[in-house]
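Subject: Structure handover

Hello,

Please have it open while you read.

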Amino acid sequence: MRTTTVVIVGAGQAGLAMSRCLTDRSIDHVLLERGETANSWRTERWDSLRLLTPNWLTRLPGWRYTGDDQDGYMAARDVTEFLDAYRRSFDAPVESGTTVVSVTARSDGYLVETDQGPWRCRCVVVAAGACSSPKIPALAAAVPSDIAQLAPIDYRNPSQLDSGGVLVVGASASGAQIADELRRSGRDVTLAVGDHVRLPRSYRGMDIHWWMDTIGQLDERYDEVEDITRARRLPSLQLIGSPERRTLDLNALAGSGVGLVGRFAGVSSAKAQFSGSFANFCAAADLKQGRLLDLIDEFASDHGLDAELTEADRPEPTAIPAPRTELAFSEITTIVWATGFRPQFPYLDSDLLDHKGAVRHDGGVMEQPGMYVLGLPFTRRRKSSFLDGVGPDALDLSGHLVQHLESVSTSRRPKMAG
Amino acid sequence: MTTIENPTVENGVNVEALLGAREAMTGARPAAQFQWRAGCEWVHGTHAATTVQSFFGVGAEQSHRQAFTVDTDHPEIFASEDNGPTPPEMVLIGLAGCLTAGIATVATHRGIQLNSVKATIEADMDLAGILGIDADVRNGFGNITVRYEIDADATDEEIKAVVAQSQKRSAVFDTVTNPTNVVVEVV
């Protein structure tokens, strides 16, 4: 049986960041990767997808974007190359094509069973990604079988769909971008809108992510926010990374002819039914955006930046038409479920999961000593699931892991002697 | 989380008790399972009397401090005796009561003193639905508009945020805006 000190599950941004931290601390480890490095970026992203964050905001432990387009947004295929280069830069010990089957606690650590044979180790870091298992509502089962249904991880480009109408469910980054792209391809598109986080692409001449980074919002810690459960559940930012730096909000989508409706709430008599809560979700998103922009204005004024910045021109409120509350399935041929993700941990003991199947952890430290989780939304910081945000978490958790190894070897010595 | 920003706020809502219940039910989910009940009896014509008293929650049978009976009927324009609100108006009463209670609760939690809260509701209905004149017209309300006038020690944006949060956490708003499975049996 092969033995190592730390098994990292997954070789994406989180796994590689942890690998780099462990390499720097000379801790023997291996990354078990179901596919290849950066597998999700490589195989589960649509063709036109670009990062929501500008290139300069792409920093990992010992690695950063060094290209010429600091303010641009990296395409998914470039992210794959970026992470592959990161892996090569410190020769990360990635075992590709290795799917973890189970993780079992042993007296001296863990036994990790894989489809390529077992590993014995002292610690396990789960870094399997936050965006690989779509969360699709139970409602999907009630949709007539002649309608094609897919999640964003299966979507590539409009040519993959037939030319009929499309219902896109979910107005966060994925749903808004896919609805926009399908509408531009000439299709009739309806977008079902629930809770969403509205943001302008840039404000007062600066990228919104520059602002969130600068005012410290992305660094907010898990033990400082009022309600961490809620913070971890927040939908992704309604943004698009495009060369023209455009804002993709509901007003822009409505302007290009996307039909906006409320949350997809039911199926009845061959019709999709939409919630009447549309206006409130829009009002709440506008208010929340306004509060962030207030914080930014306050910061700018406190730091004497006003002279360098453009006018504080606020985005128009979301125009709320009287949305239709029903859509006959005969009007569409495809549904895209852009309803978020629910990471799955089939290899973990159910004792380590909550009643919804999510890993129980305190800032990435799991209940079983020596087990860690990395890269989930708000693991330790608001930016934890961002490419730029996982690095500080990996540094923190690798420090915790080293302390764990030291405390275990100290406490174990007398026992082994006895 | 359990501290209130402004202890001088007096809206008459015991937020500490609600937060305590939230915390207790987070750890004991079956306690959060409630059942609401009503008993209805036909009186005469379109007049019915509906009574509520018992309900189930926190793992046990519960009771209002007394039985409450509400008469519903239809106005004289429908050749009825007008012994009470119409049932659709009762839905509006439920919606207004629920949103307003939510506003008081959320405002208190956020340390906002309310001075007055008034709402008007308008709900459009095309009678061609219930009278069977046009099968394409629904029976229920086509559109409901609730307009709040709120005087509170807070900014307009803060007041709007309280009203938005109240909708987000309202049982009646959810029931009215989202499909609900209804089973009607004859025993």
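How far apart do the C-alpha centres of domain 1 of chain A and domain 2 of chain A lie? In this predicted model, those centres are 29 Å apart.

The domain assignment of chain A puts 2–132 + 341–417 in domain 1 and 138–337 in domain 2. Where the two meet, 23 residues of domain 1 of chain A are in contact with 26 residues of domain 2 of chain A. On the domain 1 side of that contact there are eight nonpolar, seven polar and eight charged residues.

Next, the contact between the chains. Chain B places 12 residues in contact with 14 residues of chain A. Helix 3 (156–168) and helix 4 (171–177) of chain B each supply at least two residues of the chain B side. Helix 3 of chain B gives the most, with six residues. By class, the chain B side has five nonpolar, four polar and three charged residues.

Helix 3 of chain B also packs against helix 2 (residues 87–109) of chain B, at an angle of about 120° and with the axes 8 Å apart. Angles from 65 to 115 degrees count as roughly perpendicular and those over 145 as roughly antiparallel, so helix 2 and helix 3 of chain B are oblique to each other. Their crossing is right-handed. Helix 2 of chain B brings Leu99(B), Gly102(B), Ile103(B), Val106(B) and Ala107(B) to this contact, and helix 3 of chain B brings Val162(B), Val163(B), Gln165(B), Ser166(B) and Gln167(B). Six of these residues are nonpolar, four are polar and none is charged.

Regards

Notes:
Residues are numbered from 1 along each chain as its sequence is written. Chains are lettered from A and ligands numbered from 1 in the order in which they are written. This is a predicted model: local features need pLDDT of at least 70, side-chain atom pairs count only at pLDDT 80 or more; totals for chains, interfaces and linings use all residues. Domain bounds come from an automatic or database domain assignment. Two residues are in contact if their C-beta atoms, placed from the backbone, lie within 7 Å. Ala, Val, Leu, Ile, Met, Phe, Trp, Tyr, Cys and Pro count as nonpolar, Asp, Glu, Lys and Arg as charged, and the others, Gly among them, as polar. Helices (H or I, at least four residues) and strands (E, at least two) are DSSP runs, numbered from the N terminus. Axes are lines fitted to C-alpha atoms, for helices over the stretch in contact, and angles run from 0 to 180 degrees between N-to-C directions. Angles under 35 degrees count as roughly parallel, over 145 as roughly antiparallel, 65 to 115 as roughly perpendicular and the rest as oblique. A crossing is left-handed if the near helix is turned anticlockwise from the far one by less than a right angle, and right-handed if clockwise.
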